[in-house]
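Thank you all for coming. Please take a moment to look at the sequence and the structure on the screen, and then I will walk you through them.

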Amino acid sequence: MRALLALIGLAALVVVVMMSLGLMTLHTKSGSLPTVSFNGGKAPEVKADVATVTMGMENKTIDVPTVTTTQKTISVPTVKMEKPGDGTGNAAAAQ
């Protein structure tokens, strides 16, 4: 894609250089747009039979799962941190 864009850019540059040096001249003639006329016509007619939709409420009995919680005592990991210099066995702070 880049190569195609580079070739188009290079071709445009060559045309501009040739025109500026007088090596190429473009001769143009004025033109005009075509005339278009619309006469009469009718939009298509469409008939559609569609279903009737009704909305309402109805009571039904369904199974609904319930969630309960219980408390258990379990062993969990703990982390303790002792800062240096708080007198808890740091040899450098004890001196």
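Before anything else, a word on what I mean by a helix: here helices are DSSP runs of H or I with at least four residues, and they are numbered from the N terminus. Please also keep in mind that what you see is a predicted model.

With that definition, the protein chain has two helices and zero strands. Helix 1 covers residues 2–20, which is 19 residues, and from its first C-alpha to its last it reaches 27 Å, close to the 27 Å expected at 1.5 Å a residue. Helix 1 is followed by G22, and the phi of G22 is positive, near 80 degrees. In the loop between helix 1 and helix 2, which is residues 91–94, you will also find L23.

Is L23 buried or exposed? L23 is exposed, because its relative accessible area is 61%, and exposed means over 50%. L23 is also part of a nonpolar surface patch of about 760 Å², together with L7, L10, L13, V14, V17, M18 and L21. As a reminder for those new to helices, an α-helix has 3.6 residues a turn, so residues three or four places apart point the same way.

Now let me turn to charged side chains, where the count comes to one salt bridge. Which side chains meet in it? They are those of E58 and K60, at 3.6 Å from N to O. E58 is exposed, with a relative accessible area of 61%, and K60 counts as exposed too, at 64%.

Finally, for the chain as a whole, buried residues make up 0% of the 95 residues. The accessible surface of the protein chain comes to about 10,900 Å², and 60% of that belongs to carbon and sulfur atoms.

Methods
Residues are numbered from 1 along each chain as its sequence is written. This is a predicted model: local features need pLDDT of at least 70, side-chain atom pairs count only at pLDDT 80 or more; totals for chains, interfaces and linings use all residues. Side-chain values use heavy atoms; hydrogens and water are left out. The expected span of a helix is 1.5 Å times one less than its number of residues. Patches are made of residues with over 30% relative accessible area and no salt bridge: like charges are joined within 9 Å, nonpolar side chains (Val, Leu, Ile, Met, Phe, Trp, Tyr) within 5 Å. Accessible areas come from the Shrake-Rupley method with a 1.4 Å probe; for residues, only the protein chains shown count as cover. A salt bridge is a side-chain nitrogen of Lys or Arg within 4 Å of a carboxyl oxygen of Asp or Glu. Buried means under 20% relative accessible area, exposed over 50%, partly exposed in between (1.4 Å probe, protein chains only).
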